[in-house]
Amino acid sequence: MEKLQTCALARHGRALSELLAKPHRGNLIFKQWHSVLKTKAQNTTNSSTGNVSYNQEIARFKGPVKESDLDAVRAALSAPAPVQELKEGWEIPIVDLAQLRHSARSDAIRNQIRRACEEWGFFYVINHGIPEQVFSDMWEAYHALFQLPVENRTNFDCGPFIPPDILKKLNEKREEMKKYADYRDTIRLQNLNPDDESGTIASCPQFFRRPASNFYKALRNVGFELLEAMSESLGVRGDYLYNVTGENNAINSSLHFYSPDIDGNKNMGLNPHKDILTLTVLVQDDTGGLQVLKEDRWVDVKPFPGSLVVNVGEAIQAITNGKYKSVLHRVLNNPTKTRSSISCFLIPTPDSKIEPIPDLVNEENPALYPTSTWKTFVYNHYALALKF
Ligand SMILES: O=C(O)CCC(=O)C(=O)O
Ligand SMILES: [Fe+2]
């Protein structure tokens, strides 16, 4: 703590304790970009963490770490929407995968998926059949990973996936971007093929490889199954979305650890953003805080034990010519508890062609997206967001 305090003093010329005493201590100075967690166990009540917990004071104030640029870019993609009361009875749709696998019910479930993608862009998946052990092993590995000293992360935490020239522009806008800082720590893994133990996963610590491989394989395969159902729900061949996103067996992942909102400032753990990729499959612990925007209202994606949370990415929105929605979502920090989540992103390969499905384009529905490669799509996406 002492070291961090010195660091805060040096940077901001004020003692940490002084700032902590102020009612507005959630000010920009402390909205650091990343946080680092480790050491001293505290009595946090995060059920999925078991006995493991992290020192939240440190988590909040260490930083900025090597620029969590992606968060800032994502935040810049759209201004935060107005916060309104949640509408009673609005619930995220639930998709029962066991029923989808049951031929007598699969049509009905595909229709549910279609509606969920059109109306919400988000849904829960239940009865996916992934053994509980896969999750518990992964959570254990997750917590062990976060306990490593931050300098030991460089081998495997790939940082943001942003084209270098965009990154340069972003650095020029750094001050402006600070207002979008998030209260959390994130480890990012990129281009990880869970089938290939000699690939990217080999740069992860030994203890993490096996549980991560099992976990990502399971989540990715659920993602593939959903891509098939989504293709069919659009009236195209079952392998359409899978093929069009490049038959990529590798995934990206963000492992998030959210600090408690100890000053009650309703700080943002993760600013409103859309996922740019194909499909996100996410697990969250039982803390809650994830919200999705629907008709200008934030709706809670409440923890639902045993479920996966799935959301449509920008790539699918483009391929479906806007029919399936990639929607804004955010995470609010819990007042007292930490929160853990792991996103598994299905990603196209760089040369994949991203363009609307021809059958979905007609006179009434002109193409809303030009044909591009995934690489260009990503570039344009960020460039547009940053308005240069
Ligand atoms: O932590 C969560 O629940 C959301 C994470 C998320 O939106 C992301 O990684 O893109
Ligand atoms: Fe997201």
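This is a predicted model: local features need pLDDT of at least 70, side-chain atom pairs count only at pLDDT 80 or more; totals for chains, interfaces and linings use all residues.
**The whole chain**

Start with a cartoon view: the protein chain has 13 helices and 13 strands (DSSP runs, H or I of at least four residues for helices and E of at least two for strands, numbered from the N terminus). Of its 388 residues, 45% are buried, meaning 20 or more other C-beta atoms lie within 10 Å of a residue's own; 12 or fewer is exposed, in between is partly exposed, and C-beta atoms are placed from the backbone.

**Helix 7 on helix 10**

Now select 132-146 (helix 7) and 206-233 (helix 10): their axes come within 9 Å and cross at roughly 135°. Axes here are lines fitted to C-alpha atoms, for helices over the stretch in contact, with angles from 0 to 180 degrees between N-to-C directions. Under 35 degrees is roughly parallel, over 145 roughly antiparallel, 65 to 115 roughly perpendicular, and the rest oblique. Show side chains for the contact (C-beta atoms, placed from the backbone, within 7 Å): helix 7 brings V134, D137, M138, E140, A141, A144 and L145, and helix 10 brings F207, F208, P211, A212, N214, F215 and A218. That makes 11 nonpolar, 1 polar and 2 charged residues. Nonpolar covers Ala, Val, Leu, Ile, Met, Phe, Trp, Tyr, Cys and Pro, charged covers Asp, Glu, Lys and Arg, and the others, Gly among them, are polar.

**Helix 6 on helix 10**

Next, pick 103-119, helix 6, whose axis comes within 9 Å of that of helix 10 and crosses it at roughly 90°. This pair is therefore roughly perpendicular. Look for R110, N111, I113, R114 and C117 of helix 6 against A229, M230, E232 and S233 of helix 10.

**Y240**

Jump to Y240 in helix 11 (residues 240-244). Y240 counts as partly exposed because it has 19 C-beta neighbours inside 10 Å.

**Ligand 1**

Finish at ligand 1, surrounded by S254, H256, L270, D275, L282, Q284, L290, H329, V331, S341 and S343. Strand 4 (251-258), strand 6 (279-284), strand 10 (329-332) and strand 11 (339-346) each give two or more residues to this shell.

Definitions and conventions. Residues are numbered from 1 along each chain as its sequence is written. Chains are lettered from A and ligands numbered from 1 in the order in which they are written. A residue is near a molecule or strand if its C-beta atom, placed from the backbone, lies within 6 Å of it. Two residues are in contact if their C-beta atoms, placed from the backbone, lie within 7 Å.
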